[in-house]
Amino acid sequence: VWVVKLDSGLNIQWQKSYGGSENDYGDKIIQLADGNYLVTGNTYSIDGDITNWHGARDFWIFKIDTEGNLLWQKSFGGSGFEWANDALENSDGSLMIAGSTTSVDGDVSANYSAYPYEHDIWLIKLDANGNVEWKKSFGGKFYDVPRNLLELPGKRYVIVSRSTSSDGDVPSNMDPVKFDAWVFIVNQMGAIICNNVYG
């Protein structure tokens with residue numbers, strides 16, 4: 001993962017690489033309230049900056065300071081494929097990561113897919129130091145992948161997703177062959193409190 005900090009004139013202030021000897025991807029970087037940065041991505045590596053790799057591809061989340069120094073890093077996943085799509089810092093300083101998983105082991109406690117390689121949505125809530133507060137899977141038998149994650153007032157979170165499922169957590173899909181927009185809201189403990197499909 002290559003991170004570059006530019007000034008307002010687009011001149012490089014610093015640049016640093018993070019990861020291991022295999023393929024590592026950075027998908028999102030957000031500035032936190034303390035001025036430091038959270039980077040979300042994915043890793044196939046078992047060495048270098050990566051520890052506690054679970055197999056195949058894992059979520060890889062790391063925090064760097066304003067000079068790019070690595071403060072902490074965490075891997076999450078199972079023996080299947082995980083992909084982190086979006087992240088946010090909550091108003092209380094905790095962190096939320098939304099992605100997808102094909103695993104049924106390791107850190108992943110449930111998968112609703114009828115097929116071993118279909119994706120479920122996987123939501124992880126971390127404290128400010130990257131320690132897990134809770135993690136939950138959401139989905140149906142087919143392909144469910146989140147695109148965006150937002151915090152709402154009252155410590156609620158809206159997840160905007162793509163889905164081809166019509167069962168499990170997913171309300172009836174308009175067309176099971178094609179993607180619909182699946183939008184749902186969870187409370188601060190990850191329980192669904194509002195749920196709909198559009199398409």
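W83 comes out as partly exposed in this predicted model, because its relative accessibility is 22% (buried means under 20% relative accessible area, exposed over 50%, partly exposed in between, with a 1.4 Å probe and protein chains only). Y25, at 34%, also counts as partly exposed. Residues are numbered from 1 along each chain as its sequence is written. As the model is predicted, local features need pLDDT of at least 70 and side-chain atom pairs pLDDT 80 or more, while totals for chains, interfaces and linings use all residues; side-chain values rest on heavy atoms, without hydrogens and water.

Eight aromatic pairs turn up in the structure; rings of Phe, Tyr and Trp (its six-membered ring) pair if their centres lie within 6.5 Å, and planes under 30 degrees apart count as stacked, over 60 as edge-to-face and the rest as tilted. Y25 and W83 make a tilted pair, with ring centres 5.5 Å apart and planes at 40°. This pair ties together distant parts of the chain, with Y25 in strand 3 and W83 in strand 7 (residues 82-89), 58 residues apart. Strands here are DSSP runs of E, at least two residues long, numbered from the N terminus. Ring pairs also join Y18, W60 and F62 into a cluster.

F62 has a place in the sheet too: V39 stands opposite F62 in strand 5. Strand 4 (residues 37-43) and strand 5 (residues 58-64) run antiparallel over seven bridges, where pairing takes at least two bridges found by DSSP. The open sheet has four strands in the order 3-4-5-6, with strand 3 (24-31) and strand 6 (70-76) at its edges.
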